[in-house]
Amino acid sequence: MSRSVFFALMFLFAPSLAAAGDSRWAGRLLVGSEIISAKGVSMTDREPGALARLERRGDAHYFGGHVMTENGSDDREAEFEIIGGVIRPVGGYVLDVSAYYKFSTGMRAGHDRDMFEYRADLTRSFGRAATRVRIDYSPDNGGKTDESYWVEGQGGWRVAPTTTLLASVGRRTVNSGRNFTAWNVGVNHRLTPNLAADVRWYDTSAHQLGHRHQGRMAFLLVVSF
């Protein structure tokens with residue numbers, strides 16, 4: 001999908017969502033010991049970071065953006081995103097399909113500052129249990145990586161009304177050959193209706209790629225509104 005097509009879809013979609021009577025604003029603020037990407041890699045060089053996300057959400061679609069701190073090996077400083085997606089029931093599952101435009105500041109010369117990513121999540125709940133399968137695709141990543149895929153499975157088990165055990169494993173495939181498997185396991189505990197604490201152990205199969213890919217514990221506080 002070209003940039004012109006992507007932005008045409010985003011700007012055609014946003015006004016209709018903003019005007020929808022059943023839509024509402026929703027947001028999240030994350031602060032933690034580090035910010036971990038959806039692919040299990042440290043985005044802040046294992047330093048503390050923050051992420052803020054704001055969306056206009058309806059029952060079947062959403063549009064918004066987010067910003068997060070970065071500390072990349074290619075001098076990136078912050079990442080900004082524009083996000084749009086649709087949600088549909090599929091049998092007993094929920095399908096969430098979204099598109100992302102990402103732009104990083106501070107990138108050194110010769111590295112792509114922006115990228116597009118497309119995501120499909122298929123989720124389902126079974127009483128206390130919940131599952132998710134995620135597929136991410138980017139035709140041209142930021143930095144020096146081009147086409148890439150991410151396929152992940154996640155499971156959760158609610159052990160108490162405010163406490164859920166979580167585990168996930170995913171496979172990252174890139175055209176440069178720097179492929180790896182990443183996983184995490186931990187617990188999410190809701191302290192108040194709008195505040196949660198998340199503690200997880202993250203690791204990958206690619207320790208040779210540097211400490212961003214090596215095992216570590218990460219702590220997050222998540223404020224939802």
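**Side-chain contacts in the predicted model**

Ser-104 lies in strand β5 (residues 93–105); helices (H or I, at least four residues) and strands (E, at least two) are DSSP runs, numbered from the N terminus. The structure is a predicted model, in which local features need pLDDT of at least 70 and side-chain atom pairs count only at pLDDT 80 or more, while totals for chains, interfaces and linings use all residues. Residues are numbered from 1 along each chain as its sequence is written, and side-chain values use heavy atoms, with hydrogens and water left out.

Ser-104 has a relative accessible area of 4% and is therefore buried, the term being used for values under 20%, with exposed meaning over 50% and partly exposed in between (1.4 Å probe, protein chains only). Leaving aside residues up to four places away in sequence, Ser-104 touches Glu-70, Arg-76, Ala-78, Glu-79 and Arg-113, where contact means heavy atoms within 4.5 Å. With one of these residues, Glu-70, the side chain of Ser-104 makes a polar contact through the Glu-70 side chain, at 3.1 Å. A polar contact is a pair of N or O atoms within 3.5 Å; within protein, one must be able to donate a hydrogen and the other to accept it, and residues adjacent in sequence count only if both atoms are side-chain atoms. The C-alpha atom of Ser-104 is separated by 6.3 Å from that of Phe-80, a residue 24 places away along the chain.

Side chains of opposite charge can pair when their charged atoms come close. With a salt bridge defined as a side-chain nitrogen of Lys or Arg within 4 Å of a carboxyl oxygen of Asp or Glu, the count comes to 13. One of them joins Asp-45 to Arg-212, with the closest N and O atoms 3.5 Å apart. Asp-45 is in the loop between β1 (24–32) and β2 (49–57), and Arg-212 is in the loop between β11 (195–204) and β12 (216–224), so the pair ties together parts that are 167 residues apart in sequence. Asp-45 is partly exposed, at 23% relative accessible area, whereas Arg-212 is buried, at 15%.

A salt bridge also connects the side chains of Arg-53 and Glu-55 (2.5 Å, N to O), and both residues are buried. Between Arg-119 and Glu-117 the closest N and O atoms of the salt bridge are 4.0 Å apart; both of these residues are buried as well. Arg-119 and Glu-117 belong to a network of salt bridges that also includes Lys-39, Glu-81, Lys-102 and Asp-136.

Lys-102 also lies over the face of Tyr-100, at 5.6 Å from the ring centre. A charge is taken to sit over a ring if NZ of Lys or CZ of Arg is within 6 Å of the ring centre and within 35 degrees of the ring normal. The charged end of Arg-124 is placed over the ring of Tyr-93, 4.9 Å from its centre.

The whole structure contains 2 aromatic pairs, counted where ring centres of Phe, Tyr and Trp (its six-membered ring) lie within 6.5 Å, with planes under 30 degrees apart classed as stacked, over 60 as edge-to-face and the rest as tilted. The rings of Tyr-101 and Phe-116 form a tilted pair, because their planes are at 45°, with the centres 5.2 Å apart. This pair links strand β5, which holds Tyr-101, to strand β6 (residues 114–126), which holds Phe-116, across 15 residues. Tyr-101 is buried at 14% relative accessibility, and Phe-116 is buried at 8%.
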